[in-house]
Amino acid sequence: MQLSYVEVQRTLSASHALAEPAEAHGTLAGALCALVPYRLEDWLAEILPNGATDADPALQELYDKTVAALAGDDMRFDLLMPAEDRPIEERTDALSQWCAGFLYGLGTNGAADPQRLPGDLGEVVRDFTEITRAGVDASDSAEANESALAELVEFVRVGVQLVFDELEPLRGQHASSSGQVLH
């Protein structure tokens, strides 16, 4: 992602958003995994007060880049997280918020129920649920905590791509059934 966490944070704060940047991005990614179509307006209505749907250019860019990264074949998807120079507690909290947002977005059509997900996806969702409770272990060294956080971020990044790819058939079914026009 080209956008910085701070830039999105500034935009969301100015918009009086209902979510922090990591949670908002997780919600977007989860909903994109579960729903077709999931439009920019749908996401904004979730994260902005009073169902506002006016897109700030930064939020439009984040939406567009997230859609393109998930749909691409080159595993370019990445989590919107605070910069690595921020305290590890802040980054760990952001990862927890990101996973909570993802589970919320994924659950918008009931897809977050681990028993209903195909293959290994139920396990991925259960792991994401555990990550929402992640914290920094004060008894470990800073290096060990940094390594653990990097592993979790990579696990989540790859897990999201797996969920997106594996739910493609279900999104396709939803898109074809919702494409019917009633007169």
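Aspartate 93 lies in helix α5, where helices (H or I, at least four residues) and strands (E, at least two) are DSSP runs numbered from the N terminus. With a relative accessible area of 42%, aspartate 93 is partly exposed; buried means under 20% relative accessible area, exposed over 50%, and partly exposed in between, for a 1.4 Å probe and protein chains only. The C-alpha atoms of aspartate 93 and proline 82, eleven residues apart along the chain, are separated by 9.9 Å.

The model is a predicted one, in which local features need pLDDT of at least 70 and side-chain atom pairs count only at pLDDT 80 or more, while totals for chains, interfaces and linings use all residues. Residues are numbered from 1 along each chain as its sequence is written, and side-chain values use heavy atoms, with hydrogens and water left out.

**Overall fold**

The protein chain holds eight helices and zero strands, so that its elements, read from the N terminus on, run α-α-α-α-α-α-α-α. Of the 183 residues of the chain, 40% count as buried.

Helix α4 (residues 57–71) has 15 residues, which at 1.5 Å a residue should span 21 Å, and the 21 Å between its end C-alpha atoms agrees with this; the expected span is 1.5 Å times one less than the number of residues. Ala58, Leu59, Leu62, Tyr63, Thr66, Ala69 and Leu70 are buried in α4. Seen down the axis of α4, these buried residues fall within an arc of 140° and so line one face of the helix, the arc being that of the directions from the helix axis to the C-beta atoms.

**Aromatic pairs**

A pair of aromatic rings is described by the distance of the centres and the angle of the planes. A search of the whole structure finds four aromatic pairs, where rings of Phe, Tyr and Trp (its six-membered ring) pair if their centres lie within 6.5 Å, and planes under 30 degrees apart count as stacked, over 60 as edge-to-face and the rest as tilted. The rings of tryptophan 98 and phenylalanine 102 have centres 5.6 Å apart and planes at 15°, so this pair is stacked. Both residues lie in helix α5 (residues 88–106), four residues apart, which is about one turn of the helix, and both tryptophan 98 and phenylalanine 102 are buried.

The rings of phenylalanine 128 and phenylalanine 155, with centres 6.2 Å apart and planes at 75°, form an edge-to-face pair. This pair links distant parts of the chain, since phenylalanine 128 is in helix α6 (residues 121–131) and phenylalanine 155 is in helix α7 (residues 142–166), 27 residues apart. Phenylalanine 128 is buried, with a relative accessible area of 0%, whereas phenylalanine 155 counts as partly exposed at 34%. Ring pairs link Phe77, Trp98, Phe102, Phe128 and Phe155 into a cluster.

About 370 Å³ of space lies in the largest pocket. On a 1 Å grid over the protein atoms alone, a pocket is an open set of points where a 1.4 Å probe fits, with protein on both sides within 12 Å along at least five of seven lines, and lining residues have an atom within 4 Å of a point; grid points are joined across faces, edges and corners, and a volume is the space filled by probe spheres set on the points. Of the 16 residues that line the largest pocket, Leu79, Met81, Pro82, Glu84 and Val153 are the closest to its centre. Helix α7 gives the largest share of this lining, four residues. The lining of the largest pocket divides into eleven nonpolar, one polar and four charged residues, where Ala, Val, Leu, Ile, Met, Phe, Trp, Tyr, Cys and Pro count as nonpolar, Asp, Glu, Lys and Arg as charged, and the others, Gly among them, as polar.

**Backbone angles and spatial contacts**

Most residues other than glycine have a negative phi, and most peptide bonds are trans. Histidine 16, in the loop between α1 (5–14) and α2 (21–34), has a positive phi near 55° and counts as exposed at 61% relative accessibility. Methionine 75, found in the loop between α4 and α5, likewise has a positive phi, of about 55°, although it is not a glycine, and counts as partly exposed at 38% relative accessibility.

Two further C-alpha separations are set out below.

| Residue pair | Separation along the chain | C-alpha distance |
|---|---|---|
| Valine 158 and arginine 76 | 82 residues | 9.9 Å |
| Arginine 39 and valine 67 | 28 residues | 9.9 Å |

Valine 158 lies in helix α7 and is partly exposed at 35% relative accessibility. Arginine 39 has its place in the loop between α2 and α3 (40–47) and is partly exposed, with a relative accessible area of 44%.
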